[in-house]
Amino acid sequence: MRIAKNPLDSFRYAVEGILYTFRTQKHMRFHFFSVALVLLAGLLFRLDKAEMVILLFTVSLVLVAEMFNTAVEAIVDLITDTYHPLAKLAKDVAAGAVLVTAVNAIVVGFLLFLTEQHLDEIRLNLHEHKPEPIVTLVVGTVLLLLIIILGKIFGRKGSLLHGGIISGHSALGFFMAMTIIFLSNNLLMAILALSMAVLIAQSRVEGRIHSLQEVLLGALIAVLLAGAIYWLA
């Protein structure tokens with residue numbers, strides 16, 4: 001059994017649990033892609049801050065339920081490798097919890113996106129309102145983190161916080177720089193933000209944590225993502 005020596009170890013173990021669930025559970029991968037699509041839809045449909053919070057909370061429930069389901073399956077398989085009615089019951093109940101949260105997410109999505117009254121409001125918002133900057137920033141950051149996690153998983157190189165085919169630090173640095181450029185409309189701030197992003201990327205190369213290609217890939221993904229979401233907004 002691993003014992004966390006400090007809070008950073010606890011965080012790393014928690015992240016490893018998320019990655020394990022993603023790698024081994026096809027439903028979890030489907031949920032991750034669904035989260036990305038739903039967040040983009042929320043941004044495109046100009047959902048306000050309160051509605052985005054409801055959306056994030058709802059899809060998070062599905063992910064959490066799927067992780068508990070995986071944990072229950074692992075414990076049951078550890079205890080017994082033969083058929084037992086109680087083992088089946090435990091797995092069925094855990095799977096049922098995932099189903100309940102998924103149905104709840106569908107209902108919430110329907111109420112947020114597809115009621116006639118809300119569709120009229122969305123059409124009006126598309127023409128007259130832009131999403132709040134903080135909503136765009138949060139959605140973009142969540143999407144970028146999902147991309148970085150996918151890169152770590154499918155790249156099969158490094159760990160979540162160290163190494164990998166995508167430099168997460170470089171990606172986050174350039175995403176924040178692009179956010180400042182889009183929102184500030186100020187040349188001096190844009191130059192300072194890009195300089196900070198370049199310094200972050202350089203530190204990852206000089207520290208031999210990432211290669212130049214990995215840093216550039218992180219920067220490219222961040223720039224393209226920021227351009228896409230701020231164009232949609």
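These are my notebook entries on a predicted model of a protein chain.

**Entry 1: the whole chain**

I began with the overall make-up. The protein chain has 9 helices and 0 strands. Reading along the sequence, I noted the pattern α-α-α-α-α-α-α-α-α. I then looked up burial, and 35% of the 233 residues count as buried. Next I turned to contacts between residues at least 6 apart in sequence, and found that 71% of them join residues at least 24 apart.

**Entry 2: helices α2 and α3**

How do two packed helices get described? By the angle between their axes and the distance between the axes. For α2 and α3 I found an angle of about 175°, with the axes 10 Å apart. Angles over 145 degrees count as roughly antiparallel, and α2 and α3 are therefore roughly antiparallel to each other.

Which residues of α2 and α3 meet? On the α2 side I listed His27, Met28, His31, Phe32, Val35, Val38, Leu39 and Gly42. On the α3 side I listed Met52, Leu55, Leu56, Val59, Val62, Leu63, Glu66 and Met67. Sorted by kind, the residues of this contact are 12 nonpolar, 3 polar and 1 charged.

**Entry 3: the second largest pocket**

Val38, Val59 and Val62 were already in my notes from the contact of α2 with α3.

Which helices each supply at least two residues of the lining? They are α2 (26-44), α3 (49-79) and α4 (85-113). The lining divides into 11 nonpolar and 4 polar residues, with no charged ones.

**Entry 4: threonine 70**

I picked a residue of helix α3 next, threonine 70. Is threonine 70 buried or exposed? Its relative accessibility is 6%, so it counts as buried, the cut-off for buried being under 20%. Setting aside residues up to four places away in sequence, I saw that threonine 70 touches Tyr20, Thr21 and Gln25.

**Entry 5: lysine 91**

Then I moved to helix α4, where lysine 91 is found. Lysine 91 has a relative accessible area of 27%, so I wrote it down as partly exposed. Leaving out neighbours within four places in sequence, lysine 91 is in contact with Asn69, Val72, Glu73, Val76 and Asp77. I also checked lysine 91 against alanine 71: they are 20 residues apart in sequence, and their C-alpha atoms are 9.9 Å apart in space.

**Entry 6: helices α7 and α8**

Helix α7 covers residues 168-184 and helix α8 covers residues 187-206. They pack at an angle of about 175°, with their axes 8 Å apart. That angle makes α7 roughly antiparallel to α8.

From α7, the contact is made by His169, Ser170, Gly173, Phe174, Ala177, Ile180, Ile181 and Ser184. From α8, it is made by Met189, Ala190, Ala193, Leu194, Ala197, Val198, Ile200, Ala201 and Arg204. I sorted these residues too: 12 are nonpolar, 4 are polar and 1 is charged.

**Entry 7: arginine 208**

My last stop was the loop between α8 and α9 (212-232), where arginine 208 is found. Arginine 208 has a positive phi of about 60°, although it is not a glycine. Is arginine 208 buried or exposed? With a relative accessible area of 76%, arginine 208 is exposed.

Definitions and conventions: Residues numbered from 1 in each chain as written. Predicted model: local features only at pLDDT ≥ 70, side-chain atom pairs only at ≥ 80, totals over all residues. Heavy atoms only, no water. Axes fitted to C-alpha atoms, helices over the stretch in contact; angles between N-to-C directions. Helix = DSSP H or I, 4+ residues; strand = E, 2+ residues; numbered from the N terminus. Parallel < 35°, antiparallel > 145°, perpendicular 65-115°, else oblique. Contact = heavy atoms within 4.5 Å. Nonpolar A, V, L, I, M, F, W, Y, C, P; charged D, E, K, R; others polar. Buried < 20%, exposed > 50% of the residue type's maximum accessible area, 1.4 Å probe, protein only.
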